[in-house]
Amino acid sequence: MTATGMAHERGDLYVRDGKIAGVGSDLSVPSGTTVIDVSGTVITPGLIDTHSHIGVYPAPAFVAHQDANEAVSPTTPHVSSADGYWPQDPQLDRARAGGITTLQILPGSANLIGGSTFTMKTYLGARSAEDARFVAAPRGLKIACGENPKRTYGEKGGPQTRMGNMAGFRRAFEQARAYAQKWRKYREALAAFEHAPLSTEPTSEPKLPPDPPDHDLGLEALAGVLAGNVLVHNHCYRADEMIVMMEIAESFGFRIRSFHHAVEAYKIADRLAAHGASASVWADWWGFKAEAFDGIRENAALVHAASAKAIIHSDSAIGIQRLNQEAAKAMFAGRRAGLDISDDDALQWITANPAWALGVDAWVGTLEVGKQADLVVWNGTPFSVYAKAMQVYVEGDLVYDRTAPRNRPTNDFEAGFEVTP
Amino acid sequence: MRFVLVAIFTVLAWILSPQALAAPRPSGTPRSTILRGGPVDLGNGRTLERGLVELRGDRIIRVEPDSNSARLPEGATIVELNGHRITPGFIAAQTTLGLDEISMEPSTLDAERTTGDLIRAAHDVSSAIHAQSSLIAVQAIEGITSAIVSPRGGLVSGQSAWIDLLTGEHTTIVTARRIAMTATLGNVNGNSRAAILAKLVEVLDDTRFYASRRAAFDRRQARDLSAHRLDLEALEPVLRAAIPLVVEAHRVSDMLAILDIAKTYDLDLVLVGATQAWEIADVLADAKVTVILQPSENLPNSLDQLGARLDTAARLAAAGVEVGIAIFEDPHNLRNLRQEAGIAVAEGLDPKVALQAITLTLARAYGMQRDYGSIEVGKIANLVVWNGDPFEFSSSPQAVFIRGTSIPLESRQTELRDRYLKLERFRRPPPRPKAP
């Protein structure tokens, strides 16, 4: 299953130097190529999760491990989840075993602007966030509306209301615009200085270059959003709030790349499509908070039906282990509601579409020649409750093998704690 | 095939129609409903490949292999299954369904007696269960027909009630109260787990003491008690083993300690959570303790849960332990119970055992097997008609019978879905007025 709308009944996949070099039937490959017979299995692209806190909300959930929310101010665009990432989180091994090859690690949602996200791959042997980073991935920014910032800051100087939330976004982006303007003016002045003809008059004062404005890492991240090179990932549940967020974004000239959780996306799927936003949703989570009360099983399917990009995300170290099953629930719910959703469509919800949301669709998300060889070999259809990832490859390297005799966790934390079955 | 399906749906549609539900019953003998012509998983490990089940009133009155010569009483409603499968309705154990509408809105939460004391045995949740909760239909239409509603918090949390998932049935939703006592071991409220175990022993001792010296206590001629007299009274049926003590514990040391206590006091013990149970599977099998677990929980979220694995259910069953399957934390998605059962099967549990783990094993663990848990004559008619393997995502309930009545397959969620299937009917934003 290629996630391009096409499937090969008995397909061959040729991998060379970590990239897909051929997809189809009866491919001819150079002699000396290693041939792995996986007949009876199903191959899909590696699964991609747009929403994970692995490494920043690890297991065990020690007090000392809570590194996802810099909840000291409602706007902390200067921080980055990569700086809080713990590569020994046992949850990562479980995600890899579930077929995940790419995931975005986000700061939490306590803040209006929580900080930079980072996109990583499930390589083996990473000793830092940098080792795991998806090098080509653009920067992302996590922002959050609704209950969480209100609850976190209601008694701590605000925002206390949804009004305060939205005003906070507008103010932050106003500041970013002013900041970008200041730097633009400085660069213009500097260019003018550098290109000014040298004065020949000996008496004139020596001309000095203009003083640069102060650097501000946070405003730089926000200015990156305005310039369109930082992708916005917006935790937002309610339809009305998503509409306000799209209005704010459009008034500042940027787009929301993906609404996360988006429990009410189905109510405004047409508006999401018009804005160009994707919706990263759960298959069935609902009701744990007031803004999640209107969740329905058909959410992803209705977003898809309105021609917006549907994505199944996890936000959970349990859910991330079977994103395929979550997609299955959403797909069958859609079909039961009479919507036309193919297996390949549902596969795109956990491969091609999240790749687009993370800005990495040129490299991963489908089985196409030239893309990185991130693959999952399943024991059958991935949309079964009995589905298991038998093998997982990242850039052609085998990173998980279910049948390996010593299939033990690779993280350091569990070393020495293991009990022999 | 198409004609056959149409026939099924016509019959089901009739049963589901308001007229049918409202149809006056002839006085005297109520009419019966007969479901026939499909496999029937009885829930006790047996399957009738082509079965016939007759319901009358709220009970199952006949279960037998179907045949062309089957007796069909006059006036009975016949539902031709045409291969669709019947299972017992699934049971959700240790849930807060009916006590939790919106988990982060404290005003909608009724699971916990927040008095701060560790012993809250008298807390009986049955009077707090909200029959109008929107969560009930959401689970029922996906095959959950009963739930064991349990309190939360403290060391001894209180008493559980059995409900059938009939939305709005304020006076009858609870079919049995005080069916079990829930407790939690480990590092509760920051106490050493040793102190928690000691406290439990002290309270069990005092329960025995109080039961025999009640008159003296009322005359103020008894020593001080470690818990309120009502809490001790509530614990008395636990000491008689009339109801089970249902204990959440994850670490081996806690499980071994409570096994010891249960032996000393001759308690009927059920273990819940039990992350590390697979390490002592033989001990649990010898002690004949039912273990209720959630198969997908494979993360070491605390040191008590080191060694968490996906195949715990299969390992326990292989050792001879009775295994129940439940979803503990999320009453909104008890409907995923069948997914949990499927995960256990994928990891090696026998599918028949997995089905029992969400039906008869649970009914038995809570002492309700006389009325619930399997499709057998005399039991409450809670059953589900599936269009395939009940654990698979591609399958869904075609009909859900609770207490003999086919419930409408509707919920707040299906209503919201239908409202937004076509977005054209909603208002467009008006164009912004041009400046004058």
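Which elements of chain B do the buried residues of H6(B) pack against? I opened the predicted model with that in mind.

**Confidence.** I checked the scores before the geometry. The predictor gives the complex an ipTM of 0.96 and a pTM of 0.95. Chain B has a mean pLDDT of 93, with 93% of its residues at 70 or more. I noted two stretches of chain B where the pLDDT is below 50. One is residues 1-7, with 2 contacts beyond near neighbours in sequence. The other is residues 13-26, with 11 such contacts.

**Burial in H6(B).** I looked up which residues of this helix are buried. They are Asp231(B), Leu232(B), Ala234(B), Leu235(B), Pro237(B) and Val238(B). My opening question then has its answer: the buried residues of H6(B) pack against strands E8 (156-164), E9 (174-184) and E10 (245-249), and against H4, in chain B.

**H4(B) against H6(B).** I took the helix pair next. H4 spans residues 193-212 of chain B and H6 spans residues 229-239. Their axes come within 9 Å and cross at roughly 95°. I therefore logged H4(B) as roughly perpendicular to H6(B).

I listed the contact residues by helix. H4(B) supplies Val203(B), Leu204(B), Asp206(B), Thr207(B), Arg208(B), Tyr210(B) and Ala211(B). H6(B) supplies Arg229(B), Leu232(B), Leu235(B), Glu236(B) and Leu239(B). By class, I have 7 nonpolar, 1 polar and 4 charged residues in this contact.

**After the helix.** I followed the chain past H6(B). Just after the helix, Ala241(B) takes a positive phi of about 60°.

Key. Residues are numbered from 1 along each chain as its sequence is written. Chains are lettered from A and ligands numbered from 1 in the order in which they are written. This is a predicted model: local features need pLDDT of at least 70, side-chain atom pairs count only at pLDDT 80 or more; totals for chains, interfaces and linings use all residues. pLDDT is the predictor's confidence in each residue, from 0 to 100. Two residues are in contact if their C-beta atoms, placed from the backbone, lie within 7 Å. Axes are lines fitted to C-alpha atoms, for helices over the stretch in contact, and angles run from 0 to 180 degrees between N-to-C directions. Helices (H or I, at least four residues) and strands (E, at least two) are DSSP runs, numbered from the N terminus. Angles under 35 degrees count as roughly parallel, over 145 as roughly antiparallel, 65 to 115 as roughly perpendicular and the rest as oblique. Ala, Val, Leu, Ile, Met, Phe, Trp, Tyr, Cys and Pro count as nonpolar, Asp, Glu, Lys and Arg as charged, and the others, Gly among them, as polar. A residue is buried if 20 or more other C-beta atoms lie within 10 Å of its own, exposed if 12 or fewer, and partly exposed in between; C-beta atoms are placed from the backbone.
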